[in-house]
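Please look over the sequence and the model together before reading on, and keep both in view as the paragraphs move from the whole chain to single residues.

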Amino acid sequence: VAVTLFSCKKAEVGDAESDFTTTEPSMEMVSDSVSLAASQQIEGRKFVKTADVNMEVKDVYESSIFIEKKLQELGGFVTSSNLNAKVISENTYQTSDENAMLVKKYQTENSMQVRIPTQHLGGFLTFINDKKVFLNSRIISAEDVTNNAKIAELENTKLQQTKEIIGKMKNDKDKINSLTQNLEEKKYQDVANISLADNLKYSTVDIYIQEPTVRIAEIAVANTKGIDQK
């Protein structure tokens, strides 16, 4: 019996040690994860979430394609993408009387704006974080718009009540003016409601990526100096 009890206690200790070992990787993953602002959900609260990411990547073009594919997988979309090569210097070297070589030093960069379903914002930021070689900055905002949504509901109720009151008025000039004003106010409120609903459903992420290394392009061109001399 003593041997059995000792074996059981030893097994319990072993299980506890193995449990502790398996929790360490998840703790490391949490410490390297994005801000809670990107994924937090609080009952009864509504957040409009946005993010701004500035990072250096190994290959801008490849990273841009990676980001767009992840967006498609998560139900997001690109609203703008401005990929360009920032020329640092360019020089032309003569290789013969008629030919020359144009040498350009440049860095590739891309400025993107994307929309991602808000529930996937944290996961999306984690995905693109894997492409970085250096993170310059990452700003995440979660604006609490709970009161805005409640005010919008009160305003809708007020407009509906006003409409009912106007409907009971006599058909005269005052009724027409009141009805027109009420319709205008309802239109503006409907637009505000649509905009708020869209911003709650989709988060806007501004992404700026660039390559830390300088690339060199060699382009064969005509030797204009030689032609001019000729």
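Predicted model: local features only at pLDDT ≥ 70, side-chain atom pairs only at ≥ 80, totals over all residues.

Residues are numbered from 1 along each chain as its sequence is written, and side-chain values use heavy atoms, with hydrogens and water left out.

The protein chain holds six helices and six strands, where helices (H or I, at least four residues) and strands (E, at least two) are DSSP runs numbered from the N terminus. Read from the N terminus on, the order of these elements is α-β-α-β-β-α-β-α-α-β-β-α. Of the contacts between residues at least 6 apart in sequence, 82% join residues at least 24 apart, a contact being heavy atoms within 4.5 Å. The chain exposes about 15800 Å², of which carbon and sulfur atoms supply 54%; such areas come from the Shrake-Rupley method with a 1.4 Å probe, and for residues only the protein chains shown count as cover. Of the 230 residues in the chain, 26% are buried, where buried means under 20% relative accessible area, exposed means over 50%, and partly exposed lies in between (1.4 Å probe, protein chains only).

Leu83 belongs to strand β2 (residues 77-94), and Leu83 counts as partly exposed because its relative accessibility is 41%.

Turning to charge, side chains of opposite charge can pair when their charged atoms come close. With a salt bridge taken as a side-chain nitrogen of Lys or Arg within 4 Å of a carboxyl oxygen of Asp or Glu, the count comes to nine salt bridges. One of them joins Glu73 and Lys70 at 3.4 Å, N to O, and both residues lie in helix α2, three residues apart, about one turn of the helix. Glu73 counts as exposed at 59% relative accessibility, whereas Lys70 is buried at 16%. A second example is the salt bridge between Glu90 and Lys104, at 3.8 Å from N to O, which links distant parts of the chain, with Glu90 in strand β2 and Lys104 in strand β3, 14 residues apart. Here Glu90 is partly exposed at 47% relative accessibility, and Lys104 is partly exposed at 25%.

In helix α5 (residues 173-201), Lys186 and Asp190 lie four residues apart, about one turn of the helix, and the closest N and O atoms of their salt bridge are 3.0 Å apart. Lys186 is partly exposed with a relative accessible area of 36%, and Asp190 is partly exposed at 29%. Elsewhere, salt bridges that share partners join Asp59, Glu211 and Arg215 into one network.

Which charged residue is buried yet has no salt bridge? Glu56, in strand β1, is such a residue, and the nearest side chain of opposite charge, Lys86, is 9.1 Å away; in this count Lys and Arg are positive and Asp and Glu negative, with His and the chain ends not counted. Leaving out residues up to four places away in sequence, Glu56 touches Lys131, Lys132, Val133, Phe134, Asn136, Gln210 and Pro212.

Two further residues complete the tour. Asn99, in strand β3, is 124 residues from Asn223 in sequence and 4.5 Å from Asn223 in space, C-alpha to C-alpha. Thr146, in helix α4 (residues 146-167), is buried with a relative accessible area of 3%, and beyond its neighbours within four places in sequence Thr146 is in contact with Gly44, Arg45 and Lys46.
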